[in-house]
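This explanation leads a new reader through a protein structure. Please keep the sequence and the model in view while reading.

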Amino acid sequence: MAKSMDQQHPVKAFGWAARDSSGHLSPYNFSRRSTGENDVAFKVLYCGVCHSDLHSIKNEWGGSTYPMVPGHEMVGVVTEVGSKVTKFNVGDRVGVGCMVWSCRSCDSCSSDLENYCLGMILTYNAKYHDGTITYGGYSNLMVADEHFIVSIPDNLPLERAGPLLCAGITVYSPLRYYGLDKPGLHVAVVGLGGLGHMAVKFAKAMGLKVTVISTSPNKKQEAIERLGADSFLVSRDQEQLRSAIGTMDGIIDTVSAAHHLPPLLGLLKTNGKLIVVGAPEKPFELPAFQLIYGRKLVGGSGIGGMKETQEMIDFASKHNITSEVEVIRMDYINTAMERLAKADVKYRFVIDIGNSLQTTE
Amino acid sequence: MAKAPEQEHPQKAFGWAAHDVSGTLSPFHFSRRENGADDVTVKIQYCGVCHSDLHSAKNEWGFTNYPIVPGHEIVGTVTKVGSNVSKFKVGEPVGVGVIVDSCRSCEICQQDLENYCPETVFTYNSFSKDKSITYGGYSDFIVVDQRFVLRFPEGLPLDAGAPLLCAGITVYSPMKYYGMTEPGKHLGVAGLGGLGHMAVKLGKAFGLKVTVISSSPHKEAEAIQKLGADSFLVTSDSSTMKAAFGTMDYIIDTISAVHPLAPLISLLRMNGKLVTVGLPEKPLELPIFSLVLGRKLVGGSDIGGIKETQEMLDFCAKHKIAADIELIRMEEINTAMERLVKSDVKYRFVIDVGNSL
């Protein structure tokens, strides 16, 4: 008799899964592979709740397979390492982000850009190369190839480090790639959520002047006093936007809802760069003259490779950068998802897996 | 009362101008300033016909001041130099391109990017510092500050070299700025007109593999045999387009009509760059997922600064690159404009001003 999908592997595992596109999560028994020679197994202690988790459990992007165990901002402590593993030992603090596999031989992989590899496999809701479905970090244990494990330095509290693995790298990578990391440059961060607040912290640590642009005036005080932004613009206030025309070297646009590019492009100086890391469903309207007069560009970026992810973690460690989190119990997750849909969180939910995920077996 | 064009300045000048939105050009008497201490006077031999001349003559962009004397791909001979001028000598071949002045002091000008200065003065239809309107190269001579005059290197033909002053620099500048010059990489050139054919030639000179992307299948033979392109993609052929997805490192998009960006962005590989230099009237649609998942970018570029324009001319002289032109007489300009509307030219008209004005 063929094994059911959730019992295909030898090691019992437990987590919370969505069963259908309502996105409602509930306890779920499943299994993980045993620790292969290149694998690292770890007990998951915390997992960040990324907006992608919400999109995926509700099948908003299409392609969702159920039951789905989301979570790609997981951290914990190593319990077992395979015989060929060299970089990690039992007891190490580690994490896994958005990917668990890539082909390791294409041009992208050879340039440490596994995230752009056409054979890259996502941490959850993807088909692994052994034919099984990947399950993410809303679970008690994780097994992943050493190459996709990130080391978490001791000075980063585990409950605040998880979101670096997706939100953190997603904004760190384009700041570096597009050269928006030089002291003295002026960068705007559009949207102050999980991605946005991390962008403010990284940009300040890189020595940039940072302006937050948001639809919510009530976020101003925190943006400046807690996150360290230099100034704040309300995007619906035409006067405020007008006063900032031609003042930005770069803009990191984290907004995932539909919005307009032209007012943002107007804020850029000559040679300015607007980087989109949010993923609105509809295409943008782009007046070509706005790019031509001023030699401006619109670029995209999606997470980052493993080498850069570790570099980002080490940078965060050096500058004491972690996410601002609201730690929740596993059974709060459905309420958290409802609040996330309304952007009601400062600025990332993190599930206290270690203390609140209980197996029913 | 405002002075008539003939009386505005002390030197009598003659050219062809458009007087209304029909864009029809006809003989026109006007005047130019005296040659000042920093000025160079150029007797015009040739002037390229840029599509911008057509847009402006017909007020398609909405800011034309009539009468308008177009022309910003000017090549001629120096007839006078001011007392402060040491770079140019009487009798030398020189060029004047799209800009004749800028503020010269802002941060942008100091980076040799006069083309992005907020106070750029364009060669025609623009207001000089003395508040008079500028008149372009469809005329017998022009007086320009030495800073905005280009030396025409030896070996560069005067007639076929004229279009370099706008078409040439418009594609050369972004290819350098966006790093589209790594030998062996693959460049797509969308649109095969004045800008496009220059991009093909420059691309080959940079050692790139070049594919022309066009809606006109009949352009293929020339693109490959005459211009040196390596391959040709017809945009309406969805299966060959699909087969080419993810194969290009760079794309120069010269198409001035509204067109879909999504298929072009799909042609780019990871980290690919698309630069738009055409100016469609309506906004383009920019698909976001493709940019984010492949770390691709779409950038713009607008002509180039004077220093870079000189660098481009020297590069073209060295690599024996010039435009493919159809030489016309001044009185044929209206017919040429009608043909230009239909893209019926391979690939730039150049007016033989010296022999026909």
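Which feature does UniProt place at residues 18-351 of chain A? The unreviewed UniProt entry gives "domain: Enoyl reductase (ER)" for residues 18-351 of chain A. For chain B, the record places "domain: Enoyl reductase (ER)", likewise from an unreviewed entry, at residues 23-351. UniProt positions are given in the numbering used here, feature names are shortened, and annotations may be inferred rather than shown by experiment.

This is a predicted model, in which local features need pLDDT of at least 70 and side-chain atom pairs count only at pLDDT 80 or more, while totals for chains, interfaces and linings use all residues. Residues are numbered from 1 along each chain as its sequence is written, chains are lettered from A and ligands numbered from 1 in the order in which they are written, and side-chain values use heavy atoms, with hydrogens and water left out.

The annotated spans can be described by their ends and their content. In chain A, the end C-alpha atoms of residues 18-351 lie 16 Å apart, and the span is 25% helix and 27% strand. In chain B, the end C-alpha atoms of residues 23-351 lie 17 Å apart, and this span is 26% helix and 27% strand. Helices (H or I, at least four residues) and strands (E, at least two) are DSSP runs, numbered from the N terminus.

The next subject is the interface. The contact (heavy atoms within 4.5 Å) takes 33 residues from chain B and 34 residues from chain A. The size of an interface is often given as the accessible area lost when the parts come together. Between chain B and chain A, the buried area is about 3000 Å², and carbon and sulfur atoms give 66% of that area. Buried area here is the accessible area (1.4 Å probe) that two parts lose on being put together, summed over both. Seven residue pairs, with both residues at pLDDT 80 or more, are in polar contact across this interface. A polar contact is a pair of N or O atoms within 3.5 Å; within protein, one must be able to donate a hydrogen and the other to accept it, and residues adjacent in sequence count only if both atoms are side-chain atoms.

On the side of chain B that touches chain A, the elements that give two or more residues are helix H5 (167-177), strand S14 (268-276), strand S15 (284-286), helix H10 (288-294) and strand S16 (297-300) of chain B. H10(B) gives the most, with six residues. Strand S16 (residues 297-300) of chain A runs antiparallel to S16(B), and three bridges join them. Val298(A) has Val298(B) as its bridge partner in S16(B). Two strands pair if DSSP finds at least two bridges between them.

Salt bridges come next, each being a side-chain nitrogen of Lys or Arg within 4 Å of a carboxyl oxygen of Asp or Glu. One salt bridge joins the side chains of Asp112(A) and Lys307(A) (3.9 Å, N to O). This pair links distant parts of the chain, 195 residues apart: Asp112(A) lies in the loop between helix H2 (107-110) and strand S7 (121-122) of chain A, and Lys307(A) in helix H10 (residues 306-318) of chain A.

Strand pairing also occurs within each chain. In chain A, strand S3 (residues 39-49) is joined by seven bridges to strand S4 (residues 74-81), and the two run antiparallel. Phe42(A) has Val78(A) as its bridge partner in S4(A). In chain B, strand S1 (residues 11-18) and strand S2 (residues 25-32) pair in the antiparallel sense over eight bridges. The hairpin of S1(B) and S2(B) has six residues between the strands, and there Gly23(B) takes a positive phi near 75 degrees.

Finally, some backbone details deserve attention. A cis peptide bond joins Lys346(A) and Tyr347(A), with omega about -15 degrees. In chain B, a cis peptide bond joins Lys346(B) and Tyr347(B), with omega about -10 degrees.
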